[in-house]
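Trainee: Hi! Could you walk me through this structure?
Mentor: Happy to, let's look together.

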Amino acid sequence: LMRLGHKNIALISAKPQTISSGFQRIMGCRKAMEDAGLVLPDSHIVYSGSSFQDGYQGMNQLFDRELPISAVFTFSDDMAAGALISIQEHGYSVPDDISVLAFDNCTVSEETRPKLTSLSQPIDLIAARSLELLCDYPEMPESITLRHSLVERDSCAAHTAPNRLEVLYESSAGYPSISDAHRRSAGSGTD
């Protein structure tokens with residue numbers, strides 16, 4: 001997402017206490033953004049489960065917070081599918097208004113419209129390394145990191161100018177706030 005020019009990125013994450021990889025992914029996101037000179041504020045993170053419904057509700061929470069985001073990273077493809085529906089129901093387009101990046105690269109990533117760009121886990125390698133570790137027990141390393149790959153599809157696009165959410169919600173940059181926009185449209189006498 002950062003390579004595509006996104007700076008206002010939100011996360012929909014599994015609760016870090018629920019799944020150990022959730023904490024690692026959040027820390028990895030924070031570090032990557034920090035290395036790029038960006039910040040991931042706590043307000044840009046929604047904690048939930050990892051289902052379609054959790055992604056849908058998580059995206060609704062982000063909209064309720066009126067954040068000037070251009071992209072969202074979800075911690076599962078199912079969550080991303082739910083986020084896609086929420087984005088579309090709010091009248092926004094993926095990837096034109098909001099890019100969506102998922103994690104897992106399951107079959108659902110091919111079934112959504114648009115198809116999801118997703119980080120793919122090396123499942124076969126994870127299984128093989130797990131078996132090797134079981135055979136080496138009790139001499140087990142504290143942790144092992146395996147490379148993931150990015151499967152680029154249709155849900156992410158380059159961010160070259162402020163999108164509608166950023167223009168609408170970025171009052172600190174001189175853009176109108178959501179309440180200003182509503183007052184103007186209410187006072188204009190148009191229906």
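This is a predicted model: local features need pLDDT of at least 70, side-chain atom pairs count only at pLDDT 80 or more; totals for chains, interfaces and linings use all residues.

Trainee: Let's start with S5 and S6. In which sense do they pair, and over how many bridges?
Mentor: S5 and strand S6 (residues 149–151) pair in the antiparallel sense over three bridges. Two strands count as paired if DSSP finds at least two bridges between them. Helices (H or I, at least four residues) and strands (E, at least two) are DSSP runs, numbered from the N terminus.

Trainee: And what stands opposite Leu 150 in S6?
Mentor: Leu 119 does. In S5, Leu 119 is also the bridge partner of Phe 103.

Trainee: In which sense do S4 and S5 pair?
Mentor: Strand S4 (residues 99–104) and strand S5 (residues 117–120) are parallel, with four bridges.

Trainee: What is the average pLDDT?
Mentor: The average is 83, and 85% of the residues score at least 70. pLDDT is the predictor's confidence in each residue, from 0 to 100. Over residues 172–191 the pLDDT is below 50, and beyond near neighbours in sequence this stretch has 15 contacts in the model. A contact means heavy atoms within 4.5 Å.

Trainee: How many helices and strands does the protein have?
Mentor: There are seven helices and six strands. From the N terminus on, the order is β-α-β-α-β-α-β-α-β-α-β-α-α.

Trainee: What share of the contacts joins residues 24 or more positions apart?
Mentor: Such residues account for 72% of the contacts with a separation of 6 or more.

Trainee: How much of the protein is buried?
Mentor: Of its 191 residues, 41% count as buried. Buried means under 20% relative accessible area, exposed over 50%, and partly exposed in between (1.4 Å probe, protein chains only).

Trainee: Now H2. How far apart are its end C-alpha atoms?
Mentor: They are 19 Å apart in helix H2 (residues 52–64). That agrees with expectation, because 13 residues at 1.5 Å a residue should span 18 Å. The expected span is 1.5 Å times one less than the number of residues.

Trainee: Which residues of H2 are buried, and what covers them?
Mentor: The buried ones include Tyr 56, Met 59, Leu 62 and Phe 63. Their cover includes strands S1 (9–14), S2 (45–48) and S3 (71–74), along with helices H3 (77–89) and H6 (164–169). After H2 comes Glu 66, whose phi is positive, near 55°.

Trainee: What about phi of Asp 104?
Mentor: Asp 104 is not a glycine, yet its phi is positive, about 130°. Asp 104 lies in S4 and counts as partly exposed because its relative accessibility is 21%.

Trainee: And where does Asn 105 lie?
Mentor: Asn 105 lies in the loop between S4 and H4. Its phi is positive too, near 60°.

Methods
Residues are numbered from 1 along each chain as its sequence is written. Side-chain values use heavy atoms; hydrogens and water are left out.
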